[in-house]
Amino acid sequence: MKRLNNLYYSKRIKELLAELQTAGTTLVVAPMGYGKTLAVQYFLQEQERCGKKVLRQSIYGAGAEAFWQGVCHSWQNTELGAALLQQSLPADANAKTLVLELFRQLLPQEPVYWFIDDLHLLESSEAIDFLFALSKAGFADLHLLLVSRGQIFDGSRLLELGRKVFCLDKHDLALQRDELAEYSSRCGLQLTAQQLDALHEACEGWFSVTYLNFLNYDRYQRFCLDTGSVYEMIANVLLRPLPSEQQRLLLLMGQPEEFTPEQVAYAYGTSCRESVGRLLECNAFIIRLANGRLRCHHMLKQATRHAFGLLPEAEQQMYFRRLGQWYAQQKEYEEALDWLYRGRDFDGLLAAVQQLRDWSMHPQHRQHLFDWLCECPPEILWQYPQAVLIIMRRMFSLNMVPEMLQVKEWYVTALERNTALSQRERDNYYGELEVILSFLAFNSITGMSEHHRRAYKLLSGAPQTLSKQGIWTFGAPSVLGLYLRTGCSLRQTVEDMQECMPPYYLLSGWHGAGAAELTEAEALLLQGRIDEMDMTLQKAYYQAEKHGQECITICCDFLEMQRNLFRGVYSSKAEAYSRHQWQLQPWKQSMLLNTADMCAGFYYALLGKPEYIPSWLTDGNGQQPSVLYPARPCRNYISAQCLLAQGQYTELLVRWSDWEQECRPYSNFLCLLYLQVQRAAAFAGRGDVTSCRASLKQALAMAEADKLVLPLAQNIALLRPYLEQEAQGECSAAAAAALHLGQQMEAGRGQIMSARFAEAGLQELTEQELQIAQLAAARHTNREIAQRLSLSEGTIKQYLNKIFAKLQIDAAAKNKRHQLERFFSNS
């Protein structure tokens, strides 16, 4: 009796697969048709019989978003899965650290085998980076099984993983001569030694081609050893010999990535359960998945899709339409969209879109999003204003603003032409439109507020467009960095924020709570009114924490860090941020880890501790953590401050033009001011007096009207002599105020350095340096020290410069010996 569809695993293969139980990560890499997936599935079935937990994920597209959706789906119904749903695929070091921490904390306390198939289809470097980081972490109970036709990790990464990774390739999976003989015997074929030799030489152990030859031999008593293409071989052996009905059914099975027998029968249009069943029984290229669905092997899928493409276009569209309708009936609306579009069923397409209020959107939909509406007959489009609204909302998130504005006109027309809508429904649709249009007015507080107020009057409930969980600040640590648009507008900006935020709170359920109070506190800090900002800052803290707005709380911390520098108080929050030991639950918003880095980096740059600055803030290699576009100007001025702290003056000037340009689209005046001050400081650091004075004059002119002296004061170490000159010039008030505020900051910084870092700094001194430092702290002159130690005054001066550097005492400060005296008194 022939048993051609029976699977065969040799003793050698079973012994190799047993190694997977002890491997943290297994890489199975071989060309198509070598039985990679079947071998791993065989191993996993054995684990499931032993009660082990098995997760399976197949890659069907190249995009990162689809990959991450698959990850979350794999871990669904677990605590880890719920946490991962709150994240996106980690694209930078901070996000990666956060997700790995989730795995560490929330992995089930039992062995888990996670199988990811067809990784060769994935074109996301972020996804591969994530899998490498997961492999490198080496969680004891997690076994990764990664299958691909091509290399997954490069050679250097494989070396780095070392014994944490176990590799199988085509040589391991290929049938050997004796295994081929045993396989043919188990299938019930009686082959001679000469036939086995010829088959093994021609197939080279290629499992799928061996199977196709077995089928052909059983039917025609001959092998297909000279076939040029495996796809032609599949067509000749598996497709063309079938009756017409079964051919069509097999073609339909090859269209979806996964399918069910009921789905294929529905798409075919008549009762054909028996024919479907016979196809499944006699075709080993159709694989049954753990979720109960079926999938065609890639070789069969490619052959059937080629043959399907030869059918008349009208017939293809009919089948596509039925597949889309099937998915819609199963409430798999996202999956239905492309099929309905390909089937030209725009009624069904827009009806499916209307079910997708929380549409995450597959990456492939982006290129079709506008086409759907352009090609849809107007009389159908007008019946679905809600669908048009949802598509327009997605266009904004994809930065398709010109297309979005065109769709807006269609949306309004759809509302006016749809006579079935009640007035309340019509008002709600217009209210949602106002919410979407408000984003186009960013960063005009009053412009956005006009839309918000109109939306509030029109809507009968909470808008679907806004989420309280969104990051109101876009990841920036400064509200005025986002919303201060011009000079001479500080007071007006504060008043606008106080007037416009309450209506927005009502509309959004307190999204961004505390922003109004925070804006006022930041304005006071920028003007150097340190003692006046405490009350408003505490109000901002209270509102943000009361309504769960972590992004506003971080902005409050950013102000507090800067304020405390003037008071000589070390910020424990900056230390916690730099180590990521902060209060945010890790499964909330990973972007805020980057915000925390920006806060800590800026603080330590001002403090003069560049070794504590997160490296991504100054790398400049294009691999910086992702921040939303509106937050980039804030990130840039923070990076510039970090470069100044590191003495990388030339690097700052090289990047300056690009940074300055990124402030223009949204008129980020405060960020422009910071960059202008930092440019002057960089010129000062290079000794370019002329350029420094020119840049400083521009900065003072920008700061003068609103008395924005904080950026100047924070760069007092490099700008002091130039500010002293400008104190006699046209902007004398701003220069004098900056000098006064800068002296306060230097005094506070000195207190922190002596109190916090004295002991560590003194331990770095050599015996000779310690003796000289003690004499200098006792107010002995260089000449007196030189005479006592029998050294020259020049040598003493060199020693003192080294001492000041080791103790982090600013070389430009006038009270260096006073700070040195405090070091010894505190230590």
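Visitor: What kind of model is it, and which limits apply?
Guide: This is a predicted model, in which local features need pLDDT of at least 70, side-chain atom pairs count only at pLDDT 80 or more, and totals for chains, interfaces and linings use all residues. Residues are numbered from 1 along each chain as its sequence is written, and side-chain values use heavy atoms, with hydrogens and water left out.

Visitor: How many helices and strands does the protein have?
Guide: The protein has 44 helices and seven strands; these are DSSP runs numbered from the N terminus, with helices being H or I of at least four residues and strands E of at least two. The C-alpha trace spans about 105 × 80 × 45 Å along its principal axes.

Visitor: What percentage of the residues is buried?
Guide: Of the 827 residues, 54% count as buried. Buried means under 20% relative accessible area, exposed over 50%, and partly exposed in between, with a 1.4 Å probe and protein chains only.

Visitor: Which residues have the most contacts inside the largest nonpolar core?
Guide: They are Trp472, Tyr483, Tyr603, Tyr637, Leu712, Leu719 and Leu723, in a core of 119 residues. Helix α36 (residues 669–686) supplies the largest share of this core, 13 residues. A nonpolar core is a set of buried Ala, Val, Leu, Ile, Met, Phe, Trp, Tyr and Cys residues joined through side-chain atoms within 4.5 Å.

Visitor: And what does Trp472 touch, leaving aside its neighbours within four places in sequence?
Guide: With those neighbours left aside, Trp472 is in contact (heavy atoms within 4.5 Å) with residues including Tyr483, Met497, Met501, His511 and Cys551. A second, separate core has 92 residues, among them Leu180, Phe207, Leu215 and Met233.

Visitor: Changing topic: how many cavities of 30 Å³ or more are there?
Guide: There are four. On a 1 Å grid over the protein atoms alone, a cavity is a set of points where a 1.4 Å probe fits but cannot get out, and lining residues have an atom within 4 Å of a point. Grid points are joined across faces, edges and corners, and a volume is the space filled by probe spheres set on the points.

Visitor: What about the second largest cavity?
Guide: The second largest cavity holds about 140 Å³ of space. Its lining has 15 residues, and Tyr8, Tyr9, Ile13, Leu173 and Phe207 are the closest to its centre. The elements giving two or more residues to that lining are α1 (11–18) and α2 (36–49).

Visitor: What is phi of Ser790, and is the residue buried or exposed?
Guide: Phi of Ser790 is near 60°, a positive value in a residue other than glycine. Ser790 is exposed, with a relative accessible area of 67%.

Methods
1 Å grid on protein atoms, 1.4 Å probe; cavity = no way out; pocket = protein on both sides within 12 Å on 5 of 7 lines; lining within 4 Å.
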